[in-house]
Amino acid sequence: MAPGVYFSSPACLQHDTGEDHPERADRLLAIEEALSARDWLGWERREAPPAGRETLVAVHAEDYVDRIRAMSDEGGHGLLAEDTPVGPGSYEAAAAAAGAACAMVDALLAGEADAGFCATRPPGHHARLDTTSGFCLFNHVAIAARHALDAHGLRRVFILDWDVHHGDGTHDLFRATNAVLYSSVHQAGIFPGTGPLHDIGARDGLGFAINLPVPKGSDEDTWLSLVEHIAIPAAAEFGPELVLISAGYDAHRDDPQGGCLLDAAAFAEMARHVRALGEQVGAPVGAVLEGGYAPEALAESVCATLAALAGDRPPDSVAPDHVTARAASHIAHYWTL
């Protein structure tokens, strides 16, 4: 069995945002060039099927999905949001990205691999029920989680979002449910301006959102401390049957969209913690690409993530810092840390 399954689609290259937009096709080209040079790290490559309309509207409003398709089919460039263009190939790209996430879930839950990765675009975690921002069209990780719950009958899915920006769309979509535990480590004070520590969900989902904002300039120790001492223990208590990662790489020190100081090794270390969680609870782990806008740094970080997810090196431990201590006091009422 291959160490992991890697999903991509040529359709994702057809989403044309313009040569000056940070979210461009060369992000994926850089990843695939780096992986090809490493013989794909032994991972099995699969082409993603597009998600059908019924899969998309399980998460998004019907008129929202139809509006994106109409804008794309009409062939003219338009804006779904101020920073989110839609062109002739955009619907097909986003549908392929959502389809990749669902196909990855199918493969993981069928026992075909213990780890999966979707190298697709556009990103998705800012897409909500019927609105969006932040370069996103459909929320692929949310669609994957919903697919796991509905099509496979799972009861508990854990999503760890390590993009430098808070995944406001994912948080909102699962805000009121206890079937999905959502935890986001993100830089405070930047777009989209959501995800404060005290926002812990609502109604049945109260306590099932763990937002972990970090200050600008935070380094590997802060990020890993939050993952190791907050997100992972809460997830272990939750007992997920599937673990998903919103894998954004814009917290890299070279990325122009963020202000944190991670490198490829830091992303690998976070991936080891998530892999160890999956081993502990007996759940497969799948990652869906989100942000990351410095192509070389993105490519190296994705390669490091794949190697860590498929490896056997145990995660390192770091001492909890003051950011972690403050976060722990906010969520201790809900989880044993």
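Predicted model: local features only at pLDDT ≥ 70, side-chain atom pairs only at ≥ 80, totals over all residues.
**A walk through the sheet and its helices**

In strand β5, Ala115 and Phe117 point to one side while Gly116 and Cys118 point to the other, and all of these residues are buried.

Which strands pair with β5? On one hand, β5 (residues 115–118) is joined by four bridges to β10 (residues 285–289), and these two strands run parallel. Within this pairing, Ala115 has Val285 as its bridge partner in β10, and Phe117 stands opposite Ala287 of β10. On the other hand, β5 pairs with β1, also in the parallel sense, over three bridges, and here Phe117 is the bridge partner of Tyr6. Strands of a sheet pair through backbone hydrogen bonds, either parallel or antiparallel.

These strands belong to an open sheet of eight strands, which pair in parallel in the order β2-β1-β5-β10-β9-β6-β7-β8. At its edges stand β2 (44–47) and β8 (209–214), each of which has a single partner strand, so one side of each is left without a neighbour in the sheet. From one strand to the next, the twist averages 15 degrees.

Helices lie against this sheet. Helix α1 (residues 26–37) lies across β1 (5–8) and β10, and its direction is at about 145 degrees to that of β1. Helix α7 (residues 220–238) also packs on the sheet, where it touches β6 (157–161), β7 (180–187) and β8, and its direction makes about 175 degrees with that of β7.

Helix α4 (residues 90–109) has 20 residues and reaches 29 Å from its first C-alpha to its last, which is close to the 28 Å expected at 1.5 Å a residue. This helix is mostly covered, with 17 of its 20 residues buried, and it is followed by Gly111, whose phi is positive, near 80 degrees.

Helix α5 (residues 140–151) has twelve residues and reaches 15 Å between its first and last C-alpha, close to the expected 16 Å. How many of the twelve residues of α5 are buried? Nine of them are, and α5 is therefore described as mostly covered; the buried residues include His140, Val141, Ile143, His147 and Leu149. Just after α5, Gly153 takes a positive phi of about 75 degrees.

Definitions and conventions
Residues numbered from 1 in each chain as written. Heavy atoms only, no water. Expected span 1.5 Å × (residues − 1). Buried < 20%, exposed > 50% of the residue type's maximum accessible area, 1.4 Å probe, protein only. Pairing = 2+ DSSP bridges. Axes fitted to C-alpha atoms, helices over the stretch in contact; angles between N-to-C directions. Contact = heavy atoms within 4.5 Å.
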